[in-house]
Structure formats: structure tokens, C-alpha cells
Amino acid sequence: MGNRLVRMGIDVGGTHTKAVAIDNATYETIGKSSVKTTHDDRYGVAAGVVKAFQNCLRENDIAPEDVIFVAHSTTQATNALIEGDVACVGVLGMGPGGMESFLAKHQTRLKDIDLGSGRSIRIKNRYLSDSEEDEDTVRKAVKELKAEGAQVLVASDAYGVDDIAGEQFVFEIAHDEMGMETTVASDITKLYGLTRRTRTAAINASILTKMLNTANSTEESVRKAGVEVPLMIMRGDGGVMGSLMYLRASNGVCFEVGGTTTNIGVIKNGRPAIDYSVVGGHRTYISSLDVRVLGVAGGSMIRVNKSGVHDVGPRSAHIAGLDYAGFTDEDEIVEPRLEFFSPKEGDPEDYVAIRLKSGKRITVTNSCAANVLGLVTPKDFSYGNVNAARKAMQPIADYLHTTVEDVAAQILTRAYEKIEPIIMELDDKYRLEHDQISLVGVGGGATSLIGFCANKMNIKYGVPENAEVISSIGVALAMVRDVVERVVPNPTPEDIRSIKREAVDKAVESGAAPGSAEVHIEIDPQTSKLTGNRIPSPFIWTAPGGRRS
């Protein structure tokens with residue numbers, strides 16, 4: 001092994017999968033590489049993870065044996081919920097019998113969970129009273145749920161927060177003995193509120209199989225590539241958390257623009273804003289960064305009718321299998337013709353494609369518009385061929401009887417109309433002073449949108465160095481955040497010390513180094529909720545051999 005130790009971070013986006021190499025001693029970015037995300041590969045996104053990793057090593061002369069840590073961030077969970085690619089969930093509720101069973105049975109009996117996209121999580125229910133709970137009745141209930149179509153199981157006991165033994169008993173039979181993937185509700189959250197706790201566990205269970213498959217295929221692919229170092233798979237906000245902390249922002253709006261989606265979040269007083277996730281209009285106990293995901297980004301395609309450009313996104317060029325006009329060789333753009341089409345089944349039929357003389361089709365995106373208007377510079381990731389973009393957009397201008405510049409302005413205005421309300425909503429929610437709001441643009445498509453939006457809103461903005469790979473840097477720095485919540489009336493100093501220790505222990509179990517962060521304690525006197533939120537520090541961790549870097 002050489003003298004240099006390297007940490008690798010790989011962020012999987014809707015359009016690109018980007019790898020970054022970080023010097024473990026100096027935190028310097030020493031290499032980066034990008035490939036198109038491999039949605040359609042038989043190994044799924046794992047193939048792109050390995051390709052980006054191998055390219056980064058080769059292109060930057062990094063020896064595989066110098067890599068001591070690999071992490072990749074995935075949005076598979078979010079995408080599964082958005083797209084309805086979820087498992088049917090069997091809920092086995094438990095609690096008191098007799099007359100007392102009415103409330104517990106009602107609270108654990110879930111209806112199908114609407115995902116807000118015309119799709120839902122299908123739920124099957126059973127209930128066992130404490131007196132009925134033995135090995136035979138649990139086996140019988142699990143078999144019945146499986147026969148009704150349940151693919152995964154949730155064990156939810158009315159008294160699980162105070163005594164998890166009943167739920168653990170079901171787990172040992174359903175999972176260990178019968179081989180059914182199982183979620184223990186009180187292991188997901190220790191907060192009271194039986195219906196909300198059960199619903200949170202059901203949502204978790206619905207994506208459990210997909211996430212395990214993704215994790216296993218990624219690990220298998222990485223191992224086949226000859227990588228034997230520890231592999232961490234982080235949820236999508238791990239990279240966002242890392243980028244916010246890495247930038248050392250104190251107050252502002254993080255504006256992360258990829259090719260397919262834009263993520264907008266807030267950092268206030270040096271801490272990223274955190275809230276409970278809402279699924280299908282129901283609040284859950286899933287604590288995550290309060291990040292809004294919009295289907296408008298650098299690669300978003302445009303929709304046109306006789307009145308003009310009337311929408312941008314959510315379909316992106318990469319998902320539609322088309323190249324950006326602005327990233328096409330100018331010599332290819334001969335006799336461009338406007339066509340309208342539906343990129344994917346169920347999409348509207350007024351998305352724009354440009355047919356070239358060769359028969360090839362390309363498309364026009366936000367990045368193309370930004371290049372035409374001179375909003376990006378040669379040093380920006382989204383900088384393309386301005387002349388190529390102009391030539392491809394001319395048929396649209398002719399169709400609308402206007403100029404190419406006006407078409408470009410319409411495109412970015414439609415994008416702004418989706419983005420501005422979200423920024424203002426977060427501004428109001430977190431009481432940011434308008435004259436102090438600063439947009440921090442990260443992601444490969446940041447310069448395609450941030451300047452136009454900031455100027456429209458008359459607010460400051462900035463794009464830091466390495467903006468296009470900030471999330472990958474955050475992943476490489478292993479920003480592990482954990483939240484521990486308990487209902488503790490009148491908490492004592494020992495209660496507070498206990499929850500601090502638990503938050504740190506959970507983070508270390510997830511891969512963080514001991515002593516690498518502070519734990520922020522919040523006490524809600526109205527609900528008696530005690531929260532320990534571990535906020536990571538990006539520049540302190542334990543180096544090999546126990547030395548503090």
C-alpha cells in the first residue's frame with residue numbers, strides 16, 4: 001500500500017453517477033469521474049457505481065490498495081415510493097384482548113397507503129391478543145397474510161415502545177424461521193402513537209426487499225471489481241447532509257440541481273433543517289432532512305404548444321434516451337425539425353424532440369436554454385455548445401413565431417415558476433430573513449438554473465468549487481446522522497446523557513467514528529418528547545491506527 005490513503009464517495013443520481021476520491025489526511029479532492037446512471041443494466045445502478053469507481057481510479061492514477069473506504073449514496077428508496085415500486089405489506093398487530101382490544105386493533109389496522117401518484121402500498125391485516133400469542137398462532141397469522149399476497153411483514157405491539165419482546169418474538173418466527181422479511185415497529189421508532197408508528201413501519205417494510213436487493217447487488221458488483229475495503233450504502237440525504245456540512249454554510253438555501261431532479265433544503269444556524277417525512281398526506285416518524293424534490297433540473301425536457309413553452313419536466317433527457325442539443329456536435333445539427341412525442345408510456349404527447357437529417361433525435365433542456373442566454377461559463381459542468389443549442393432551438397422559435405432567445409427565456413421562466421414557491425415556503429417555515437437568504441448552488445446542473453432564479457427573486461447566490469460533485473464529497477466524508485427520540489416527561493440530566501450516548505452509539509454502529517460529532521438535544525415540553533440529533537462534523541474522524549486527523 002502506498003503512503004496516500006483514499007476515501008471514495010459515489011453518488012447515484014437520476015442522470016449521472018459521480019465518483020470522487022478524497023485524500024484521507026488532507027481532505028483534498030484528488031480525483032473525480034462521471035458516468036451515465038445505469039437504470040436499464042441487468043445489475044441496475046450497481047453497474048454504474050462500479051464503472052464510476054473504476055474510472056476514477058484509472059483516470060487519476062489511484063492504486064486500488066490505497067482505497068480504505070468506499071461509500072455510495074442511493075435514492076432508490078425515494079424513487080420506489082414515487083414510482084410505486086413497493087411490496088404488499090402484512091401487518092400483524094398485537095395488544096390486549098377483550099373489550100380493551102378495540103382501540104389497539106383499530107390503531108394497528110391500516111388501510112392501503114396512498115402514495116399520491118395514483119399508486120399505493122397494499123396492506124393486509126391480522127391482530128393477535130396477548131393471550132393468543134404463541135408460536136402456533138403467530139405461524140398461522142403469518143401464513144394467512146402470505147396467502148393474501150403479503151410479501152413482507154410488520155410486527156406492531158400496542159405496548160412495544162415499553163416492551164419490545166412481543167414484536168421480537170414475531171420477528172424470530174416470521175423472519176428467522178419462516179424466511180419472511182420483517183420490520184419491528186418499535187425498532188423503527190420509540191415514540192408513542194400506535195397508528196403513526198405502525199404506518200411508519202409499513203412504509204419502511206414496503207421498500208425493504210428492494211433496498212436489500214440494491215444493497216446486495218451493489219456489494220456483489222463492488223466485490224467482483226476486486227474491492228475488499230468496507231462499503232457503506234447511504235440513503236439519498238447522506239450526500240446532501242455531507243455537502244451542507246462540507247460547505248460550512250450557516251444560513252441559506254441549498255439548491256442541488258442534477259439532470260433529473262432539483263433538491264432544495266435549508267441550513268439554519270449551521271444545522272440542516274430536519275423534519276418528519278409525509279407520505280400520502282400522512283406524517284410518519286421517518287426523520288430526514290427537510291429537502292423538497294422537484295422534477296425540474298438541468299436535463300428536464302420542455303413541453304410546447306401554440307401558446308409557447310408551457311411546461312418543463314418532469315421527464316428528463318437521460319430517462320427518455322436523448323442527448324441534450326447543447327452537448328451535441330454542431331456539425332451534426334443539419335436540417336433540424338421539430339417533433340412532438342411521449343417519451344414514456346403515460347407521458348403527455350407534447351414533449352419536444354428535434355429530428356436531425358441523419359435521423360437522430362435530440363432534445364432541448366434547461367441547460368440548453370441557459371447556454372443560449374449566456375448564464376453558464378466554460379468552467380461550469382453544464383457548459384455546452386452554444387451554437388449547437390441555438391441551431392436546435394430555431395425550429396421551436398419558428399413554430400412559435402419568436403426568437404431563440406425568447407424561447408430560452410420561456411424555458412427558464414417555466415422552471416423558475418416551479419422553484420420559487422418552494423424556496424418561499426421554506427423561507428416562511430424556517431423564518432429566514434429575505435435579505436439574508438443566499439442560494440448555495442451545487443450539482444452538475446446548478447449554473448443552469450441558480451443565476452436565473454436568484455436574479456428573478458433578487459437574492460444572493462454562490463456556486464462553490466467542485467459544485468458538480470459536492471454530494472459525492474459528502475458521501476466520501478461519511479456524514480452519518482442519527483436521531484434518537486423518546487417520550488420522557490420532565491427529563492433528568494441522566495435522561496439527557498443517556499439519549500446522547502444512544503445517538504452516538506447508533507451513529508458509530510452505522511459507520512461513524514467515535515467523537516466525530518456533537519449531539520444536539522431538543523426538549524418539547526408540550527409533547528414530553530426528548531430528541532437527540534447527532535450532527536456530523538466533516539473534518540474530524542479517527543484515522544487508521546487510532547490517530548486523530
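Author: One cut-off before we start: buried means under 20% relative accessible area, exposed means over 50%, and partly exposed is in between. By that rule R355, with a relative accessible area of 24%, is partly exposed. Keep in mind that this is a predicted model.

Reader: Fine. What does R355 pair with in a salt bridge?

Author: With E339. Their side chains meet in a salt bridge, 3.0 Å from N to O. The pair links distant parts of the chain: R355 is in strand β22 (residues 351-355) and E339 is in strand β21 (residues 337-341), 16 residues apart.

Reader: Is E339 buried or exposed?

Author: E339 is buried, with a relative accessible area of 17%.

Reader: How many salt bridges does the whole structure have?

Author: A search of the whole structure finds 20. One of them joins D311 and R303, at 3.3 Å from N to O. D311 counts as buried at 16% relative accessibility. R303 is buried too, with a relative accessible area of 15%.

Reader: Zoom out. How many helices and strands are in the chain?

Author: The chain has 16 helices and 28 strands. It runs to 549 residues, and buried residues make up 53% of them.

Reader: What share of the contacts comes from residues 24 or more positions apart?

Author: 66%, counting contacts in the chain with a separation of 6 or more.

Reader: Now a helix. How far does α4 reach?

Author: Helix α4 covers residues 135-147, so to speak 13 residues, and reaches 18 Å from its first C-alpha to its last. That is close to the 18 Å expected at 1.5 Å a residue.

Reader: Which residues of α4 are buried?

Author: V138, A141, V142 and L145. Seen down the axis of α4, the buried residues fall within an arc of 95 degrees, so they line one face of the helix.

Reader: What covers the buried residues of α4?

Author: The cover includes strands β5 (89-95), β8 (123-129) and β9 (152-157), plus helix α5 (165-177). On the other side of α4, D136, K140, K143 and A147 are exposed.

Reader: What is K140 linked to?

Author: K140 belongs to a network of salt bridges with R126, E144 and E148.

Reader: And the ends of α4?

Author: At the start, a side-chain oxygen of D134 reaches to within 3.1 Å of the backbone nitrogen of D136. Just after the helix, G149 takes a positive phi of about 110 degrees.

Reader: Last one. Where is R292 found?

Author: In strand β17 (residues 292-294). R292 is buried, with a relative accessible area of 17%.

Reader: Which side chain does R292 join in a polar contact?

Author: The side chain of E425, at 2.6 Å. Leaving aside neighbours within four places in sequence, R292 is in contact with residues including T262, I264, I422 and K429.

Conventions. Residues are numbered from 1 along each chain as its sequence is written. This is a predicted model: local features need pLDDT of at least 70, side-chain atom pairs count only at pLDDT 80 or more; totals for chains, interfaces and linings use all residues. Side-chain values use heavy atoms; hydrogens and water are left out. Helices (H or I, at least four residues) and strands (E, at least two) are DSSP runs, numbered from the N terminus. The expected span of a helix is 1.5 Å times one less than its number of residues. Buried means under 20% relative accessible area, exposed over 50%, partly exposed in between (1.4 Å probe, protein chains only). The arc is that of the directions from the helix axis to the C-beta atoms. Contact means heavy atoms within 4.5 Å. A polar contact is a pair of N or O atoms within 3.5 Å; within protein, one must be able to donate a hydrogen and the other to accept it, and residues adjacent in sequence count only if both atoms are side-chain atoms. A salt bridge is a side-chain nitrogen of Lys or Arg within 4 Å of a carboxyl oxygen of Asp or Glu.
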